Amino acid sequence: MATIFRSGPGELLLDLLFPPKCAFCGKLMERFGDGVCPDCAKNLPFIEDGKVLRAIGAHRYPCAVALYYDGMVKEGVHALKFGRTSWRAGVFGRCIAQTAAEHLGGQFDAVTFVPVSPRRNFQRGFDQARLLAEAAGNIWGVEAEPILRKIRHNRAQSSLEDPALRHKNVENAYLVRRPRLAAGRRFLLIDDVCTTGSTLSACADTLMAAGAASVVCAALAGGHGDGKER
């Protein structure tokens, strides 16, 4: 995959109202276009087709990941989460939508996301995974539904290196708001980054325990191009 969905018909108005910037590196651009500057467009670390899909968790949920978590991708995700630049989610969400459509098409009929805790949502002012899911859903005309709720404010997964500690850190951290909304449905579960898959797996397990028919996952980024875990 080497393209990202372009913006909708409102892009010209956006260009006039806001100086367009690249969603990944943050540089100013002449036109908003697809939200990616020419340099990043040429150098984005797309994951090879044979490695886009991975199996995560004890139940081996299929997970499609678009980009390696390197360079400008890591910069863009950090800026989204910690720099209060929620506008980046539109570009990232379209990238997730394209990857999910290509590799998981026909395997889901509902879209949801990995929620942050109320405390983290208050600190950031938004839930980045929800913004990504909404942007992806807009591509298909599907609403991203807040099916899951985070009930325990834990340490950030990025602060833990041991996969076993990551798994324990998210244990019993999520619940389904209304089980009847999950029962019998096939979900696409979206998050920003998939490292060990512990968070996505914990959420997928929670959905399945609430009666979901199946869960597949998608993330913007994960892993590294050099194959090293860090």
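Author: Two strands pair if DSSP finds at least two bridges between them; strands (E, at least two residues) and helices (H or I, at least four) are DSSP runs, numbered from the N terminus. The bridge partner of L53 in strand 2 is A64. This is a predicted model, in which local features need pLDDT of at least 70 and side-chain atom pairs count only at pLDDT 80 or more, while totals for chains, interfaces and linings use all residues. Residues are numbered from 1 along each chain as its sequence is written, and side-chain values use heavy atoms, with hydrogens and water left out.

Reader: What makes strand 1 and strand 2 a pair?

Author: Four bridges join strand 1 to strand 2 (residues 61-67) in the antiparallel sense, and the definition asks for at least two, so the strands pair.

Reader: Why is strand 3 called an edge strand?

Author: The open sheet has five strands in the order 1-2-7-6-3, with mixed pairing. Strand 1 (53-56) and strand 3 are its edge strands, each pairing on one side only. The twist averages 30 degrees from one strand to the next, where axes are lines fitted to C-alpha atoms, for helices over the stretch in contact, and angles run from 0 to 180 degrees between N-to-C directions. Strand 3 runs parallel to strand 6 (residues 186-193) and is joined to it by four bridges; F113 stands opposite I190.

Reader: How do you know that both faces of strand 3 are covered?

Author: In a regular strand the side chains alternate between the two faces of the sheet. In strand 3 (residues 110-113), A110 and T112 lie on one side, V111 and F113 on the other, and all are buried. Buried means under 20% relative accessible area, exposed over 50%, and partly exposed in between (1.4 Å probe, protein chains only).

Reader: Why is C40 called buried?

Author: Its relative accessible area is 4%, which is under 20%, so C40 is buried. C95, at 1%, counts as buried by the same cut-off.

Reader: How many disulfides does the structure hold?

Author: The structure holds zero disulfides, a disulfide being a pair of cysteine sulfur atoms within 2.5 Å. For C40, the nearest cysteine sulfur, that of C37, is 3.6 Å away.
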